[in-house]
Amino acid sequence: MQETLIKNLLRELARNISGKNSETIVDILKEKTVNEFKIADKMKLTVNQVRNIFYKLQSYDVVIASRKKDKRKGWYIYSWSINVPKSLEVLRNIKQKQIFDIEHNIKSRESKRFYLCTGCNIEMTEESALSHNFFCPECGRLLQLSPPEGYLREQRQKLEHAKKEIAIIDAELGKMNVKKMAKRARKDKKEKKAKKEKRRRERKKKAKLFNKSIKKSSKKGKAKKSKKKKR
Ligand SMILES: [Zn+2]
């Protein structure tokens with residue numbers, strides 16, 4: 001379930017950055033790297049259209065490009081993958097901004113009065129209603145004081161929803177961090193082992209050289225001694 005939620009969030013991000021068209025990218029790429037021809041084929045777009053979408057996404061660092069030269073034709077072919085950790089970070093910022101806006105809306109609604117035309121369903125601030133003498137500028141109907149409860153309920157629901165989404169994003173980022181740290185720990189362990197092995201080999205080599213030099217000097221000594229004997 002978490003995975004679908006994350007996917008939905010990633011779809012929302014793609015849509016926010018480069019339009020409704022780009023939502024399907026999340027389903028096409030999943031966790032793979034896919035070349036632009038395959039993407040264009042699946043999205044029923046031209047390669048240039050695909051590139052334009054991805055360039056937009058790339059400006060937010062939410063996708064990663066790799067290019068390969070086509071030896072026969074001499075041009076470059078791009079492949080793309082989703083930068084999931086960066087995407088989640090960008091999403092988190094968007095959600096944070098949403099929360100800020102909703103909280104602002106709630107505060108403003110709690111402290112100000114709004115007027116409503118029940119005919120056109122237009123709502124306006126008290127100031128604006130006053131400037132129209134409390135008549136609807138569209139249809140001339142008398143404006144009514146708009147009760148805040150419905151609006152506040154809706155905004156509070158939105159607020160809860162955005163907070164939940166941030167919690168999900170944080171949990172996912174946390175999981176990724178744990179994975180990253182485990183990977184680093186494994187790498188460190190491997191490197192330590194390699195260093196230890198290298199030191200061991202060096203010690204062995206040194207010992208060998210040392211032994212050799214001792215043997216040599218003792219041979220020389222013997223040779224000198226034998227020379228002395230001859231004299
Ligand atoms: Zn009206």
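This is a predicted model: local features need pLDDT of at least 70, side-chain atom pairs count only at pLDDT 80 or more; totals for chains, interfaces and linings use all residues.
Local features need pLDDT of at least 70 and side-chain atom pairs count only at pLDDT 80 or more, while totals for chains, interfaces and linings use all residues. Residues are numbered from 1 along each chain as its sequence is written.

**View 1. Domain 1 and domain 2.** The domain assignment, automatic or taken from a database, gives domain 1 as 2-82 and domain 2 as 88-186. Their centres, taken over C-alpha atoms, are 31 Å apart. Eight residues of domain 1 are in contact with seven of domain 2; contact means that C-beta atoms, placed from the backbone, lie within 7 Å. On the side of domain 1 that touches domain 2 you will find six nonpolar, two polar and no charged residues. Nonpolar here covers Ala, Val, Leu, Ile, Met, Phe, Trp, Tyr, Cys and Pro, charged covers Asp, Glu, Lys and Arg, and the others, Gly among them, are polar.

**View 2. The open sheet S1-S3-S2.** Its three strands (DSSP E runs of at least two residues, numbered from the N terminus) pair in the antiparallel sense, where pairing takes at least two DSSP bridges. S1 (34-35) and S2 (63-69) each have a single partner strand, so one side of each has no neighbour in the sheet. Seven bridges link S2 to S3 (residues 76-82), and Ala65 sits opposite Trp80 in S3.

**View 3. The open sheet S5-S4-S6.** Here, too, look for three strands with antiparallel pairing. The edges belong to S5 (122-125) and S6 (144-145), each with a single partner strand. Two bridges connect S4 (residues 114-117) with S6, and Leu116 has Gln144 in S6 as its bridge partner.

Note on methods: Helices (H or I, at least four residues) and strands (E, at least two) are DSSP runs, numbered from the N terminus. Two residues are in contact if their C-beta atoms, placed from the backbone, lie within 7 Å.
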